[in-house]
Amino acid sequence: MTDRPTGSEFGDGEPVIRDKRRIDPETGKLREPAEQSAAPAAAGPAGQPPRDPSDLIGPSAQEALLTEALAERTADLQRLQAEYVNYKRRVDREREASRELVIGTVLTELLGILDDIGRARDAGELDGAFKAVAESLERVTEKLGLVKYGEKGDPFDPRIHEALLHNYSDEVDGPTATMIMQPGYRHGERILRAARVAVSEPTEQLPADAAKAEVPVETTDEDAERSAE
């Protein structure tokens, strides 16, 4: 009859004692990590890591690992927060741009009505209930940011003015809007309609050929007699 091997899987062998105490009971000193892991590594199954990794490193190493992990998580959180802030700013800008575009489109459709109100006011026909409605509409458009511009004597600016007539005058020092044929409107930085104006330039800028054509020719008595004949 074959005897069962000592320490077999049936558990009838001698027990294996693993001493994981960090303080040596004989010397009272702190054990080195190599000493703590020597017994379990030798007694444990081959290829299986120890159950508690903290037994293999000292307190300083553990603290360094925790500090590094905390720094990584903090960096991830900061990066995520920065991405969210940038996303929110971009969405806010796009929302504001869309709002301005819609308001500008609506105001553009109302410019013809505002022109009619202006002509009625100039003709003295803006009175009664029509006057109240007209003034209410103008207040609403101003509240939405509509700005009317274009006054006689304004320097001509091709970015905001549209020249319908052009002439020369001794009364101006540079290109000037001498007549406002239709006012302009803008909403914020956007020009909804350029002001339509008549532009006058200084006479000294008159082309030489045109200046000669406008200079009267003096006639003598002999020339007059010849013309009479």
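In this tour, a patch is a group of residues that each have over 30% relative accessible area and no salt bridge, with like charges joined within 9 Å and nonpolar side chains within 5 Å. Keep in mind that you are looking at a predicted model.

Stop 1: Where does Glu-204 lie? Follow the chain from strand 6 (195–202) towards helix 4 (208–214), and you will find Glu-204 in the loop between them. Is Glu-204 buried or exposed? Its relative accessibility is 67%, so Glu-204 counts as exposed, because the cut-off for exposed is over 50%.

**Stop 2: the nonpolar patch.** Next, select Leu-164, Leu-165, Met-179 and Met-181. Together, these four form a nonpolar surface patch with about 370 Å² of accessible area. Colour strand 2 (161–169) and strand 3 (176–182) to see where the patch comes from: each of these strands supplies at least two of its residues. Click on Leu-165, which is found in strand 2. With a relative accessible area of 46%, Leu-165 is partly exposed.

**Stop 3: the whole chain.** Zoom out and switch to a cartoon view. You can look for 5 helices and 6 strands. Starting from the N terminus, their order is α-α-α-β-β-β-β-β-β-α-α. Now show the surface, which has an accessible area of about 18,100 Å², with 54% belonging to carbon and sulfur atoms. Of the chain's 229 residues, 19% count as buried. Finally, take the contacts with a separation of 6 or more: 59% of them are between residues 24 or more positions apart.

Conventions. Residues are numbered from 1 along each chain as its sequence is written. This is a predicted model: local features need pLDDT of at least 70, side-chain atom pairs count only at pLDDT 80 or more; totals for chains, interfaces and linings use all residues. Side-chain values use heavy atoms; hydrogens and water are left out. Helices (H or I, at least four residues) and strands (E, at least two) are DSSP runs, numbered from the N terminus. Buried means under 20% relative accessible area, exposed over 50%, partly exposed in between (1.4 Å probe, protein chains only). Accessible areas come from the Shrake-Rupley method with a 1.4 Å probe; for residues, only the protein chains shown count as cover. A salt bridge is a side-chain nitrogen of Lys or Arg within 4 Å of a carboxyl oxygen of Asp or Glu. Contact means heavy atoms within 4.5 Å.
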